[in-house]
Amino acid sequence: MRMRRKKNLETRFEKCKWIVLSKSTNIYRLPESERYDVQDLVKLFSNNNPVELEIGCGCGNFIVEKAKRNSNINYIGVELIDNVIITAGEKAESESLENVRFFNCGAEILQYLLPKNSISNIYLNFSCPYPKKQYENHRLTYKYFLEIYKFLLKKGGKIYQKTDNDAFFEYSYNSFIENGFIIENYTTDLYSNLPSDNIATEYEEKFVSLGKNINSLVAKQEE
Ligand SMILES: C[S@@+](CC[C@H](N)C(=O)[O-])C[C@H]1O[C@@H](n2cnc3c(N)ncnc32)[C@H](O)[C@@H]1O
């Protein structure tokens, strides 16, 4: 069950309810047939434009900026923590952005919320590295999540990852290869040759200001 929200958080969610959808991640206690709430993306965005996903979007700087720059692409930000995602929802709302929505839930249930082969690209920005081996299954590049991404991605769809954590980057690189992805390109020092269209996330700005190297890769499903 979702924990009861503090009153002012409930009011904030109420104001943003057209933009932030809340789902309990704890649906695994339900029988499989009752877990589905597959969203009609054409209805959700009132158009048939491509849809991209950011998983673990935090306070939403990246996805809101993406949505501002690309009005012909729809974006969904997924974030587990309600008092974080509400800030993202409020940012998008204050900019009156029609092409962004947020799902307040864990990535582990996305296959019950989104149609198969409906997503053009997935962004994993500074995902929690969960360095302890016993929490490996929480890492957003663990094989379980990669299977979900395969289900969601359209043919030719790509996953874009950025992280400050070198060990997590190496783990992710290997996990992509072991689970049927091709690494199209990667760098362990994104800022040595920064693409002009790079959008820095909240965490990215923090780590860059500390002089930390930023790792980045693009992975694509094997044909
Ligand atoms: C380190 S923060 C990075 C936030 C943002 N992407 C950035 O770069 O500034 C990672 C975020 O991922 C979220 N997160 C962790 N596991 C998740 C999951 N399974 N599903 C959705 N969000 C998750 C956390 O709540 C946290 O807000």
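Student: Of the 20 residues around the ligand, which come nearest?

Tutor: Happy to start there. This is a predicted model, where local features need pLDDT of at least 70, side-chain atom pairs count only at pLDDT 80 or more, and totals for chains, interfaces and linings use all residues. Residues are numbered from 1 along each chain as its sequence is written. A residue counts as near a molecule if its C-beta atom, placed from the backbone, lies within 6 Å of it; of the 20 residues around the ligand, the nearest are Gly56, Gly58, Phe126, Thr201 and Tyr203.

Student: Which element gives the most to the shell around the ligand?

Tutor: Helices (H or I, at least four residues) and strands (E, at least two) are DSSP runs, numbered from the N terminus. Strand S3 (74-79) and helix H7 (202-209) are the elements giving two or more residues to this shell. With three residues, the top contributor is H7.

Student: At what angle do the axes of helix H3 and helix H4 cross?

Tutor: Axes are lines fitted to C-alpha atoms, for helices over the stretch in contact, and angles run from 0 to 180 degrees between N-to-C directions. The axes of H3 (residues 61-69) and H4 (residues 82-94) come within 9 Å, and they cross at roughly 25 degrees.

Student: Which residues of H4 do Ile63, Val64 and Ala67 in H3 meet?

Tutor: Contact here requires C-beta atoms, placed from the backbone, to lie within 7 Å. By that test, Ile63, Val64 and Ala67 of H3 meet three residues of H4. They are Ala88, Lys91 and Ala92.

Student: How far apart are the axes of H1 and H4?

Tutor: Helix H1 (residues 7-15) packs on H4 at an angle of about 35 degrees. Their axes are 10 Å apart.

Technical notes
Contact = placed C-beta atoms within 7 Å.
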